[in-house]
Amino acid sequence: MAVLVLLDTLAQAALAGLFVTGDLDLLTWHAANAGVLSALTVVQTVAALVVWRAARGPLWPAVASAVLVVLVSVQRGLGEARILAGHMPLGMAVFGCAAALTCWAFAHRTGTVRWAKGVAE
């Protein structure tokens with residue numbers, strides 16, 4: 001799920017970049033994709049809560065995912081109000097948070113790794 005959030009965040013940045021180069025139709029796509037990103041962050045938060053509760057993972061990814069939901073909501077509000085001075089830097093924060101959660105998702109392992117003949121237990 002974290003990968004989808006990160007890829008969609010990258011798509012948002014690409015849509016914004018193409019919009020500012022003059023393709024005005026992409027602003028509509030950028031706005032629509034913001035709704036997709038909002039939904040994905042909510043699903044990611046639920047998944048992170050499941051990892052925390054059921055798989056006994058750490059709590060911080062669930063908290064960070066919930067913060068990401070709030071950041072994306074504020075981001076949407078700033079974008080709709082055309083407050084670009086806040087919208088653009090916050091977009092970077094959203095991307096950074098999504099990247100950190102994706103890195104954690106690939107690095108996190110549950111349980112103990114057991115090697116042949118008890119080398120690592």
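**View 1. Gln-75, a buried residue of helix H3 in this predicted model.** Gln-75 has a relative accessible area of 12%, and because buried means under 20% relative accessible area, Gln-75 counts as buried. The residue belongs to helix H3, which covers residues 60–80. A polar atom of the Gln-75 side chain lies 2.9 Å from the backbone oxygen of His-87.

**View 2. Gly-17 in helix H1.** Helix H1 is made of residues 2–20, and Gly-17 is found within it. The separation between Gly-17 and Leu-27 can be followed here from C-alpha to C-alpha: the two residues stand 10 residues apart in sequence and 9.9 Å apart in space.

**View 3. Leu-24 in the loop between H1 and helix H2.** Leu-24 is part of the loop that lies between H1 and helix H2, the latter being residues 26–53. The relative accessibility of Leu-24 is 60%, and the residue therefore counts as exposed, the cut-off for this being over 50%. From Leu-24 to Ile-83 the distance in space is 17 Å, C-alpha to C-alpha, while in sequence the two residues are 59 residues apart.

**View 4. The whole chain, as a setting for the close-up views.** The chain contains four helices and zero strands, and reading along the sequence gives the pattern α-α-α-α. Its radius of gyration is 18 Å, well over the 14 Å that the globule rule gives for 121 residues, so the chain is more spread out than a compact globule. The C-alpha trace spans about 65 × 25 × 20 Å along the principal axes of the chain. Of the 121 residues, 31% count as buried, and the chain exposes about 7,600 Å², with carbon and sulfur atoms supplying 72% of that area. Among contacts between residues at least 6 apart in sequence, 60% join residues that are at least 24 apart. The chain also carries 7 positive and 5 negative side chains, and the centres of these two sets are 21 Å apart.

Methods
Residues numbered from 1 in each chain as written. Predicted model: local features only at pLDDT ≥ 70, side-chain atom pairs only at ≥ 80, totals over all residues. Heavy atoms only, no water. Helix = DSSP H or I, 4+ residues; strand = E, 2+ residues; numbered from the N terminus. Rg over C-alpha atoms; globule rule 2.2 N^0.38 Å. Buried < 20%, exposed > 50% of the residue type's maximum accessible area, 1.4 Å probe, protein only. Contact = heavy atoms within 4.5 Å. Areas by Shrake-Rupley, 256 points an atom, 1.4 Å probe, with all protein chains shown as cover. Lys, Arg positive; Asp, Glu negative; His and termini not counted. Charge placed at Lys NZ, Arg CZ, Asp CG, Glu CD. Polar contact = N/O pair within 3.5 Å; in protein donor to acceptor, adjacent residues only side chain to side chain.
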